[in-house]
Amino acid sequence: MQFVKSASSVRGSSSTSASLTVREQADSRSVYVGNVDYGCASEIIKQHFMSCGKVIRVTIPANEFGLPKGCAYVEFDNIDAVPKALLLNESELHGRKIKVCAKRTNIPGMKKIRGRSTYVLRSRRPSAVYCRPGYGSAPRFGRSMRYRPY
C-alpha cells in the first residue's frame, strides 16, 4: 500500500518550468477519487480503474498520524483513460459511492498567506479630530456612532 504523508510535505524543491511541465503532464493523466473507504487498499482501487486503461500509480494521501485521508489519486498510462475514468463517478467501491474528477495541477506558492497580513489594519472607527497630549487617543464616549433607537 502506498501512503503519502501530506500534500504540504511532498512539495518539489525546484520550481523550474521543466519540472512544472512534467507535473502538468502527469496531472493531465490522473484523476482524483474522493470518498474512498479508509480500509481500502491501493490494489483494490487499481482493479476498479483497470477497465479504463493501464494504471501506473495509485496514491493514497495520509494525515500526520499515518492514517488515510479518504481520497486517492490514480495515474494512468495515457490521457485517453481519464474520460473513461470520469464515467465511474458515483460508482460503488468497497461499499461507498466514490467521487471521481480530473486532478488539478497545484501551482507553487498559491497557498501563501496574502491579503490583510501584508497591509496595516485600520480601525473601523473614524479617526479622532483631536487628541489630548499624553493620552494616546481621543476619549471614547458611551454611545456608538450608529443610530440605535432601542
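## A buried ring pair

Phenylalanine 76 is buried at 0% relative accessibility, where buried means under 20% relative accessible area, exposed over 50%, and partly exposed in between, using a 1.4 Å probe and protein chains only. This is a predicted model, in which local features need pLDDT of at least 70, side-chain atom pairs count only at pLDDT 80 or more, and totals for chains, interfaces and linings use all residues. Residues are numbered from 1 along each chain as its sequence is written, and side-chain values use heavy atoms, with hydrogens and water left out.

Phenylalanine 76 forms an edge-to-face aromatic pair with phenylalanine 49, at 6.3 Å centre to centre and 65° between the planes. Rings of Phe, Tyr and Trp (its six-membered ring) pair if their centres lie within 6.5 Å; planes under 30 degrees apart are stacked, over 60 edge-to-face, and the rest tilted. Phenylalanine 49 is buried too, with a relative accessible area of 0%.

## A tilted tyrosine pair

The count of aromatic pairs is two. Tyrosine 32 and tyrosine 73 have ring centres 5.6 Å apart and planes at 55°, so this pair is tilted. Tyrosine 32 is partly exposed at 26% relative accessible area, and tyrosine 73 is partly exposed at 29%.

Lysine 103 places its charged end over the ring of tyrosine 73, 5.1 Å from the ring centre (the rule asks for NZ of Lys or CZ of Arg within 6 Å of the centre and within 35 degrees of the ring normal).

## Cysteines

There are zero disulfides, a disulfide being a pair of cysteine sulfur atoms within 2.5 Å. Cysteine 71 is buried at 11% relative accessibility, while cysteine 101 is partly exposed at 28%.
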